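Please keep the sequence and the structure in view while reading.

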Amino acid sequence: IRHSKREAHGGLENVVNGLGLSFEGRAHSGLVDSRNTAKIVRQMLQQGFRFQRTTRGLAPDGQGWGQRKKRRQEAGAREMAGERESAGE
């Protein structure tokens with residue numbers, strides 16, 4: 001883990017133990033791995049690490065951020081095309 005000025009190697013169990021935490025459960029079990037990963041995250045937060053979002057994320061409607069503007073532009077273009085058809089163009 002870069003924030004602890006050491007290279008992470010040897011898997012999740014070694015990282016957890018290397019941070020002075022206790023690895024609990026059977027390795028490669030989804031729930032167990034999630035809990036042990038949460039221990040690492042808590043330790044990072046306690047040491048002052050700041051997480052930053054690197055993905056765009058999703059809006060409440062399930063669309064990616066920034067796609068609403070694109071959809072509005074597309075809807076406006078369709079509306080304009082419909083008006084042109086109505087006008088006989």
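Glutamate 24 and lysine 39 form a salt bridge, with their closest N and O atoms 3.0 Å apart. A salt bridge here is a side-chain nitrogen of Lys or Arg within 4 Å of a carboxyl oxygen of Asp or Glu. The pair links distant parts of the chain, 15 residues apart: glutamate 24 belongs to the loop between H1 and H2, and lysine 39 to helix H2. By this rule the count comes to one salt bridge. Side chains of opposite charge can pair when their charged atoms come close.

The two partners differ in cover. Glutamate 24 is partly exposed because its relative accessible area is 48%, whereas lysine 39, at 15%, is buried. Buried means under 20% relative accessible area, exposed over 50%, and partly exposed in between, with a 1.4 Å probe and protein chains only.

## Basis of the model

This is a predicted model, in which local features need pLDDT of at least 70 and side-chain atom pairs count only at pLDDT 80 or more, while totals for chains, interfaces and linings use all residues. Residues are numbered from 1 along each chain as its sequence is written, and side-chain values use heavy atoms, with hydrogens and water left out.

## Overall architecture

The chain contains three helices and zero strands, and its elements run α-α-α from the N terminus on. Helices (H or I, at least four residues) and strands (E, at least two) are DSSP runs, numbered from the N terminus.

Of the 89 residues in the chain, 17% are buried. The chain exposes about 7400 Å², of which carbon and sulfur atoms supply 51%; accessible areas come from the Shrake-Rupley method with a 1.4 Å probe, and for residues only the protein chains shown count as cover. Among contacts (heavy atoms within 4.5 Å) between residues at least 6 apart in sequence, 18% join residues at least 24 apart.

## The nonpolar core and its surroundings

Val15, Val16, Leu19, Phe23, Ile40 and Met44 make up the largest nonpolar core, which has six residues. Helix H1 (12-18) and H2 are the elements that give two or more residues to this core. A nonpolar core is a set of buried Ala, Val, Leu, Ile, Met, Phe, Trp, Tyr and Cys residues joined through side-chain atoms within 4.5 Å. In soluble globular proteins, nonpolar side chains tend to be buried together.

Valine 16 lies in helix H1 and is buried, with a relative accessible area of 0%. Apart from neighbours within four places in sequence, valine 16 is in contact with Leu21, Ser22, Phe23, Asn36 and Ile40. The C-alpha atoms of valine 16 and lysine 39 are separated by 7.6 Å, although the two residues are 23 apart along the chain.

Asparagine 36 is placed in helix H2 and counts as buried because its relative accessible area is 1%. Not counting residues up to four places away in sequence, asparagine 36 touches Leu12, Val16, Ser22, Phe23 and Glu24.

## A nonpolar patch with an aromatic pair

Val41, Leu45, Phe49 and Phe51 form a nonpolar surface patch of about 330 Å². Patches are made of residues with over 30% relative accessible area and no salt bridge; like charges are joined within 9 Å, and nonpolar side chains (Val, Leu, Ile, Met, Phe, Trp, Tyr) within 5 Å. Leucine 45, found in helix H2 (residues 30-46), is partly exposed at 47% relative accessibility.

Phenylalanine 49 and phenylalanine 51 also form an aromatic pair, edge-to-face, with 4.8 Å centre to centre and 70 degrees between the planes. Rings of Phe, Tyr and Trp (its six-membered ring) pair if their centres lie within 6.5 Å; planes under 30 degrees apart count as stacked, over 60 as edge-to-face and the rest as tilted. Phenylalanine 49 is partly exposed at 32% relative accessibility, as is phenylalanine 51 at 45%.

## A loop residue with positive phi

Histidine 28 is placed in the loop between H1 and H2. Although histidine 28 is not a glycine, its phi is positive, at about 70 degrees. Histidine 28 counts as exposed because its relative accessibility is 74%.
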